[in-house]
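Here is a friendly briefing to read alongside the model. Please have the sequence and the 3D view open as you go.

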Amino acid sequence: MKRFFLVFILSAVVTACFGQAADPVALSFSAKKINATTYEVHLTATMEEGWHIYSQTTPDGGPVPTEITFKKNPLLAVEGSPKEIGKLEQRHEVLFGVDVKQFSGKVDFVQVVKVKANAKTNISGTVKFMTCNDEMCMPPTSVPFNISLK
């Protein structure tokens, strides 16, 4: 009986470990130099088919909106908020009882940054997001980034 119980527990652990969905969102980070002191920082999310992430402006009471935070750097000035470039979808989400704003496929969050001095530096921070499909939601995920500005 003990052997059966041990095999059952081990099978459950293995199933739980391998049965979880892989991360359906791939993030990439880059910077594009606009002029001597201005950069566009790109935080790009690419979702697997059927998955989506939420806009930064998703209303309260709904899923976790995407949140981008930048660490303070005395050599940088972050201008405004990140712009969302992608096909914004709006729909009523029965599960949350609110109208949600979401992106499927791909979305590019673009932040304009000015360098205050003629120096090489980095911009770093965290992207926090939640991803869902029609059947389930993954827990909110925070991903750190560190992008070189040359």
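**Thr131 and its surroundings**

Setting aside residues up to four places away in sequence, Thr131 touches Pro24, Val25, Trp51, His52, Ile53, Cys137 and Met138, where a contact means heavy atoms within 4.5 Å. This is a predicted model, in which local features need pLDDT of at least 70 and side-chain atom pairs count only at pLDDT 80 or more, while totals for chains, interfaces and linings use all residues. Residues are numbered from 1 along each chain as its sequence is written, and side-chain values use heavy atoms, with hydrogens and water left out.

- Thr131 sits in strand S8 (residues 131-132); helices (H or I, at least four residues) and strands (E, at least two) are DSSP runs numbered from the N terminus.
- With a relative accessibility of 2%, Thr131 is buried; buried means under 20% relative accessible area, exposed over 50%, and partly exposed in between (1.4 Å probe, protein chains only).
- A polar atom of the Thr131 side chain lies 3.0 Å from the backbone oxygen of His52.

**The chain as a whole**

- One helix and nine strands make up the secondary structure elements of the protein chain.
- Along the sequence, these elements follow the pattern α-β-β-β-β-β-β-β-β-β.
- The protein chain has 150 residues, and buried residues make up 32% of them.
- Among contacts between residues at least 6 apart in sequence, 68% join residues at least 24 apart.
- The accessible surface comes to about 9600 Å², and 57% of it belongs to carbon and sulfur atoms; the areas come from the Shrake-Rupley method with a 1.4 Å probe, and for residues, only the protein chains shown count as cover.

**The disulfide**

- How many disulfides does the model contain? The count comes to one, taking a disulfide as a pair of cysteine sulfur atoms within 2.5 Å.
- Cys132 and Cys137 form this disulfide, with their sulfur atoms 2.0 Å apart.
- The torsion about the S-S bond of Cys132 and Cys137 is about 105°, so the disulfide is right-handed.
- Cys132 is buried, at 1% relative accessibility, whereas Cys137 is partly exposed, with a relative accessible area of 29%.

**The three-stranded sheet**

- Three strands form an open sheet in the order S4-S7-S9, with antiparallel pairing; two strands pair if DSSP finds at least two bridges between them.
- Strand S4 (67-70) and strand S9 (141-149) are the edge strands, each pairing on one side only.
- On average, neighbouring strands of this sheet are turned by 20° against each other, direction ignored; the axes are lines fitted to C-alpha atoms, for helices over the stretch in contact, and angles run from 0 to 180 degrees between N-to-C directions.
- Four bridges link S4 to strand S7 (residues 121-129) in the antiparallel sense, and nine bridges link S7 to S9, also antiparallel.

**Lys128 within that sheet**

- Lys128 belongs to strand S7 and is partly exposed at 32% relative accessibility.
- Glu67 stands opposite Lys128, and Lys128 also stands opposite Ser142 in S9.
- Leaving aside neighbours within four places in sequence, the contacts of Lys128 are Val64, Pro65, Thr66, Glu67, Pro140, Thr141 and Ser142.
- The C-alpha atoms of Lys128 and Thr141 are separated by 5.5 Å, with the two residues 13 apart along the chain.
- In a regular strand the side chains alternate between the two faces of the sheet.

- Is strand S2 (residues 38-47) largely enclosed or largely open? Eight of the 10 residues of S2 are buried, so this strand is largely enclosed by the rest of the structure.
- Strand S1 (residues 25-33) pairs with S2 in the antiparallel sense over nine bridges, and a hairpin joins S1 to S2 through four residues.
- Ser30 has His42 in S2 as its bridge partner.
- S2 also runs antiparallel to S6, joined by nine bridges, with Lys106 in S6 as the bridge partner of Thr46.

**Val100**

- Val100 lies in strand S6 (residues 98-115) and is buried at 0% relative accessibility.
- Apart from neighbours within four places in sequence, Val100 is in contact with Tyr54, Thr58, Pro63, Glu89, Gln90, Arg91 and Glu93.
- The C-alpha atoms of Val100 and Gly61, 39 residues apart along the chain, are separated by 9.7 Å.

Technical notes: A polar contact is a pair of N or O atoms within 3.5 Å; within protein, one must be able to donate a hydrogen and the other to accept it, and residues adjacent in sequence count only if both atoms are side-chain atoms.
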